[in-house]
Amino acid sequence: MGLITCLKCGGAISEKAIVCPHCKSYLSQQNSIMCEECGTEYEIKLSTCPNCGCPNLTIEQKKQKKKQKGIIISVVVLALIAVCVFGFSILQKAKEAEYYSNMECVSYTMLDGAAKAENAGNLIKSVWYNAIYEERDTETDKYTMKNGEFVDDFNDALSNLFADGNFINSISEIELNQSEVTGLMKKLKNPPKKYEEAYAVLKTYYDNYIKMTKSVISLDGSLQTFSEEFNTYDTDTVNSFEKMKLYLD
């Protein structure tokens, strides 16, 4: 038993079939077709629909049309995939650019805060030392002396320093700088792979910066321990920044 092609739908059917199992049309009536546009039934031998003029597509033409439609769909799908990939690439680059901008900003913001802390720390050391050893200095005399005499206790000199309006403003600027830096560091917690190594260096820089700035905001220990620790924090912060510069343009 052989197979033939249904003239209506193009499906493979038995040559002995009476009704096409695919489109349910009677094979004896396949000398006529139904217009795809208006639904008019007319003889298959006509090239166009006598009612609306729609072309009579043969089975091969229908197959070709279906094939072309499939190609068009494939092209559209590939184009959409390409657009998505390209869009993701642009988004990724935008995120990396934003991350770098924040990383650069926080690096130089910490440097500014560290410079302010360095000035404050050096003044604290001078006032502390001059009050203990009763050494005069134009910068520290207003804190270490009263009525032409040295204060009885270095704590009085330090209290005078921390009550001074200009020094209060300096400490406030350092605290504000800390707050700004902390906010920026929170944005940098999850670095893109490209900046993972840079973030590790930045984190060390941040830790040293925090130690340095905190040491001048809240004094602790003796003059010797303060001086030694402050000098260490200062050196470590500067060295950390130098390492961080390698990752900045």
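Colleague: Is phenylalanine 162 buried, partly exposed or exposed?

Modeller: This is a predicted model. In it, phenylalanine 162 counts as partly exposed, because its relative accessibility is 28%.

Colleague: How many aromatic pairs are there?

Modeller: The count is 10 aromatic pairs. One of them joins phenylalanine 162 and phenylalanine 167, with ring centres 5.0 Å apart and planes at 80°, so the pair is edge-to-face. Phenylalanine 167 is buried, at 4% relative accessibility.

Colleague: And what kind of pair do phenylalanine 226 and phenylalanine 230 form?

Modeller: Phenylalanine 226 and phenylalanine 230 are stacked, at 5.8 Å centre to centre with 15° between the planes. About one helical turn separates them, because they are 4 residues apart in helix α6. Phenylalanine 226 is buried at 3% relative accessibility, and phenylalanine 230 is buried at 0%.

Colleague: Which residues do ring pairs link into a cluster?

Modeller: The cluster consists of Trp128, Phe154, Phe226 and Phe230.

Colleague: Turning to charges, how many salt bridges does the structure hold?

Modeller: There are 4 salt bridges. Among them, lysine 116 meets aspartate 112 at 2.9 Å, N to O, and lysine 203 meets aspartate 207 at 3.1 Å, N to O.

Colleague: Where do lysine 203 and aspartate 207 lie?

Modeller: Both are in helix α5, 4 residues apart, which is about one turn of the helix. Lysine 203 is partly exposed, with a relative accessible area of 34%, and aspartate 207 is partly exposed, at 31%.

Methods. Residues numbered from 1 in each chain as written. Predicted model: local features only at pLDDT ≥ 70, side-chain atom pairs only at ≥ 80, totals over all residues. Heavy atoms only, no water. Phe/Tyr/Trp six-rings, centres within 6.5 Å; stacked < 30°, edge-to-face > 60°. Buried < 20%, exposed > 50% of the residue type's maximum accessible area, 1.4 Å probe, protein only. Helix = DSSP H or I, 4+ residues; strand = E, 2+ residues; numbered from the N terminus. Salt bridge = Lys/Arg side-chain N within 4 Å of Asp/Glu carboxyl O.
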